[in-house]
Amino acid sequence: MQGRLKRQIVAVSSLLVMLFFFTNLTGRADEMVELMGSGAHFVVNPMVNKNQAKILEGPNYKYQKFAWNLKSVKANGIKNGRLSEKTTQIEMTIYGGMNSFDPYFRPLYNFQAANYAVMLGEKDVITTIGTSAPISASSTNFKLWGRQDEDTGVYAGVSKTITVDLTNLKDKLPLKVGFQFVGKKLSNGQLVKFSYYLGEFEASGVALKPTIDGDLTADSLAIRGHGTPGDLVTSNVTDSSTVSIDAWGNYTIPLRTALKSHLEQNDRVVVTETNENGDTGTAVQKKLRIAAVAQTPEFDLEDEENLDLTQVDQLVKNLKLDSGEAVGAKFYYDLTQDELKKRIASLEAGNTIVLPIYATKAGYIRSNILNVKVSNSADAVAFDQTTTALSFGGVKKVPLITTDYFPDKPWGIIVRDHRKNKPAWKITAQALASTPGDNDLTDYLWYKDGTNQICFKNHESILVYEKSADANNDETTISFRDASQTKQELPNQRSIFVQAGPKMKVGKYQAKILWSLLNAP
């Protein structure tokens, strides 16, 4: 029993220490706390050290004479040693006075009633947040001496309290404190307003660092994250709420509708955290965007013979899809495996299918859907010959010297390419074994062009023609030399010919040529 009582006493003592520490940090809401020299982001205007004030509004006459001293600045609603949105009163104690003369030391103004003021803005563009009760004056000399200490002779200055509304404090910092008065010009009775400041409450420079936890999607109905306990968070999503961050640093911003409608008009979600001191910070989650860089997101399957449509990365590579700043984003089909297989299986000749692709990366909202059209054109690329049989003329006797024989009639090959991108292709020729019972012509059959002269006897593929990619050319005709053309007329003309000689026997010779139309590497 005694052991339990001791533990209870220790717990109560700890609680009292914590409460005492918390109270010293914030103070009572109505307590006026001195802020000069407290490190409370209040800075005295350096000109005050020279007994001067800085003008914000009104003519800055060279021959004005004044001496000012800011003795005290107090405020209520202080949180963490700084102004807060709960601050409603600021008290200033000012000592000083001024007069004005022209170059001949004649008085310029008769000073009217004055006020202490809290202001924001810069020279000649100021907004007055609050003013004190007026200080009466009607003289060419304006004085704020206050009571004089009998022992030291030092004047205490004049204290005045200003009522202020610091809602949305972050938009009002820095705040300047000083005084305002109206001077009546003695020469013509014109009334001129003057505003001077002696110090300012600076913007804190403290950047809050909220987070957005998890990756948002078009279906999200809430935004969740972390921040500083007690602060407020809001988002740029229309109709979303402003909520407080709980004691554990968590927040949840509920959304009235799914995020989809917001993302249709915006490329990001922004969460803003604020506190009563006017500090602010944001967290951003951008929408990942993908686009086809080199071409529109469609192609003919015939253009890519080795493409495996089940592998989304191959499709992404072929289309040169770009995910912008989200380097390393992962791409996926917006289809189940069964749906993907069914679509690919339906891609027969003449058909087109649509493959929806999206991209994701941690810290980004999932991308929009990019619909890729894949076509399988019927007869996308066609190969044709002007003749299917070549005759080299009836040789009546075996030549005693080597003689070249060319086909009797003109002939050629035609390639018709209806593929969208028309990638490079090539044509090869290969001699096949002759029909049994016939003499084999391949030992005497040759291919020749401006560069090469090759015999077909080894039954190897011979490169006859190579075509580079040409999206504008649908048809290519490849001509070969015939017997009516001379070597002098067409020295570099490609040709297939028989080179006959004394080693040949009397009889019928025959060979078959296999033509192949291939994608060029």
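Strand E26 and strand E34 (residues 495-500) pair in the antiparallel sense over 3 bridges. Two strands are taken to pair if DSSP finds at least two bridges between them. Helices (H or I, at least four residues) and strands (E, at least two) are DSSP runs, numbered from the N terminus. Within E34, Ala500 is the bridge partner of Thr403. This is a predicted model, in which local features need pLDDT of at least 70 and side-chain atom pairs count only at pLDDT 80 or more, while totals for chains, interfaces and linings use all residues. Residues are numbered from 1 along each chain as its sequence is written, and side-chain values use heavy atoms, with hydrogens and water left out.

## Two open sheets

E26 and E34 belong to an open sheet of 4 strands with antiparallel pairing, in the order E26-E34-E30-E31. Strand E26 (403-405) and strand E31 (453-455) are its edge strands, each pairing on one side only. From one strand to the next the twist averages 35°; axes here are lines fitted to C-alpha atoms, for helices over the stretch in contact, and angles run from 0 to 180 degrees between N-to-C directions.

Another open sheet has 5 strands in the order E14-E13-E16-E17-E23, and its pairing is mixed. The edges are strand E14 (243-244) and strand E23 (364-365), each of which pairs on one side only. Strand E17 (residues 280-287) and E23 pair in the parallel sense over 2 bridges. Lys286 stands opposite Tyr364 in E23.

## Pockets

On a 1 Å grid over the protein atoms alone, a pocket is an open set of points where a 1.4 Å probe fits, with protein on both sides within 12 Å along at least five of seven lines; lining residues have an atom within 4 Å of a point. Grid points are joined across faces, edges and corners, and a volume is the space filled by probe spheres set on the points.

The largest pocket has a volume of about 820 Å³. It is lined by 33 residues, of which Leu390, Phe392, Leu441, Val498 and Tyr509 lie nearest its centre. E34, strand E35 (509-510) and strand E36 (512-519) each supply at least two residues of this lining.

The second largest pocket has a volume of about 270 Å³. Residues lining the second largest pocket include Thr217, Asp219, Lys287 and Arg366. Helix H2 (residues 260-265) gives the most to this lining, with 3 residues.

The table gives both linings by class.

## Aromatic pairs

The structure holds 14 aromatic pairs. Rings of Phe, Tyr and Trp (its six-membered ring) pair if their centres lie within 6.5 Å; planes under 30 degrees apart count as stacked, over 60 as edge-to-face and the rest as tilted.

The ring centres of Tyr109 and Phe194 are 5.3 Å apart and the planes stand at 85°, so the pair is edge-to-face. This pair links distant parts of the chain, with Tyr109 in strand E6 (residues 109-122) and Phe194 in strand E11 (residues 191-201), 85 residues apart. Tyr109 counts as buried at 1% relative accessibility, and Phe194 is also buried at 1%. Buried means under 20% relative accessible area, exposed over 50%, and partly exposed in between (1.4 Å probe, protein chains only).

The rings of Phe179 and Phe181 have centres 6.2 Å apart and planes at 15°, so the pair is stacked. Phe179 is buried, with a relative accessible area of 1%, and Phe181 is buried at 2%. Tyr109, Phe111, Phe179, Phe181, Phe194 and Tyr196 form one aromatic cluster.
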